[in-house]
Amino acid sequence: MAKIENRLDKKVTAYIDNLFSGLGPSQQLFDLKEELAINIKEKTADFKARGIDDEQAFKEAVISMGDLSGLVDDMRKLGQDTARQSVYSTMTARISTAGIVAGVLLGLFGMFTIAMLYFMNLDAESATGSGIFIVAGGTLLTYSILTRETRKKYAMNKIRAVLYALSIGLVLFSIFTAIVSRFATGEIYIAIGSLMVFSLAGVGLFLLLMLTETDRRKM
């Protein structure tokens with residue numbers, strides 16, 4: 001099964017690389033290629049589910065995408081428009097920077113609030129409740145870092161970055177609910193139950209994303 005998926009990945013990559021051959025690299029082109037690859041793989045899977053063999057399913061998926069020459073022309077024009085590329089990259093970088101700053105501040109706010117409430121001699125349940133800000137901060141920070149283009153890597157597809165952020169958020173939320181439920185109920189088994197449910201979902205999603213990760217390195 002893994003070999004079949006690997007063959008399909010190579011076939012889709014070769015088809016898309018050939019389609020856009022000769023165009024200069026850019027974040028927009030990388031995003032478009034990744035989106036097309038996902039669509040072709042999903043359509044191929046749909047055709048295979050109807051009983052069509054692998055080779056024919058791939059051909060049918062490509063045909064169903066229609067004429068892509070317009071997209072190629074758009075990417076060619078965009079590749080020649082350095083000013084537009086610069087504006088796009090700058091805007092994306094600013095959004096990412098704002099997200100990183102907000103994520104770190106949210107996390108710190110949660111930590112400081114917990115410490116403040118603890119030294120105000122509030123009960124542990126009330127003090128640890130502010131940990132939800134750490135969960136939100138960690139989730140936002142993850143998304144913002146992954147959608148940031150660097151000198152060596154293109155930014156991650158936004159949908160995929162959201163899923164990564166969700167997986168990290170679920171793991172952080174599992175820790176948060178475990179601590180709060182422990183202090184609220186006084187029962188360890190309830191804390192472990194809370195930790196198990198959300199952490200399993202988060203780790204499972206994280207592993208799925210890691211095992212289907214695409215290469216974002218710049219050549």
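Asparagine 121 is exposed, because its relative accessibility is 70%. Let me give the cut-offs now: buried is under 20% relative accessible area, exposed is over 50%, and partly exposed lies in between, with a 1.4 Å probe and protein chains only. Asparagine 121 sits in the loop between helix H5 (82-119) and H6. Its phi is near 65°, a positive value in a residue other than glycine. On names: helices are DSSP runs (H or I, at least four residues), numbered from the N terminus.

Some ground rules. This is a predicted model, where local features need pLDDT of at least 70 and side-chain atom pairs count only at pLDDT 80 or more, while totals for chains, interfaces and linings use all residues. Residues are numbered from 1 along each chain as its sequence is written, and side-chain values use heavy atoms, with hydrogens and water left out.

Next, another loop. Serine 130 lies between helix H6 (124-128) and helix H7 (132-146). Is serine 130 buried or exposed? Serine 130 counts as buried, because its relative accessibility is 9%. Leaving aside neighbours within four places in sequence, serine 130 is in contact (heavy atoms within 4.5 Å) with Gly110, Thr113, Ile114 and Leu117.

On to H7. Its 15 residues should span 21 Å at 1.5 Å a residue, and the end C-alpha atoms are 22 Å apart, which agrees. The expected span is 1.5 Å times one less than the number of residues. Buried residues in H7 include Val135, Gly137 and Leu146. What covers the buried residues of H7? The cover includes H5 and H8.

Val72, Met75 and Leu78 are buried in H4. Down the axis of H4, the buried residues fall within an arc of 125°, so they line one face of the helix. That arc is taken from the directions from the helix axis to the C-beta atoms. Why would one side repeat like this? An α-helix has 3.6 residues a turn, so residues three or four places apart point the same way. Lys77 and Gln80 are exposed, on the face of H4 turned away from its buried side.

Glycine 66 is in the loop between helix H3 (54-64) and H4. Glycine 66 is partly exposed, at 40% relative accessible area. Methionine 116 is 50 residues from glycine 66 along the chain, and their C-alpha atoms are separated by 60 Å.

Last, a helix pair. H8 is residues 158-185 and H9 is residues 188-211. Their axes, lines fitted to C-alpha atoms over the stretch in contact, come within 7 Å and cross at roughly 170°. That makes H8 roughly antiparallel to H9, a term for angles over 145 degrees, counted from 0 to 180 degrees between N-to-C directions. Their contact has 20 nonpolar, 8 polar and 2 charged residues. Nonpolar means Ala, Val, Leu, Ile, Met, Phe, Trp, Tyr, Cys and Pro; charged means Asp, Glu, Lys and Arg; the others, Gly among them, are polar.

Two residues show this pair up close. Threonine 177 lies in H8 and is buried, at 14% relative accessible area. Beyond residues up to four places away in sequence, threonine 177 touches Ser194 and Phe198. Phenylalanine 198 is in H9 and counts as partly exposed, at 29%. Its contacts include Leu170 and Phe173.

Note on methods
Helix = DSSP H or I, 4+ residues; strand = E, 2+ residues; numbered from the N terminus. Parallel < 35°, antiparallel > 145°, perpendicular 65-115°, else oblique.
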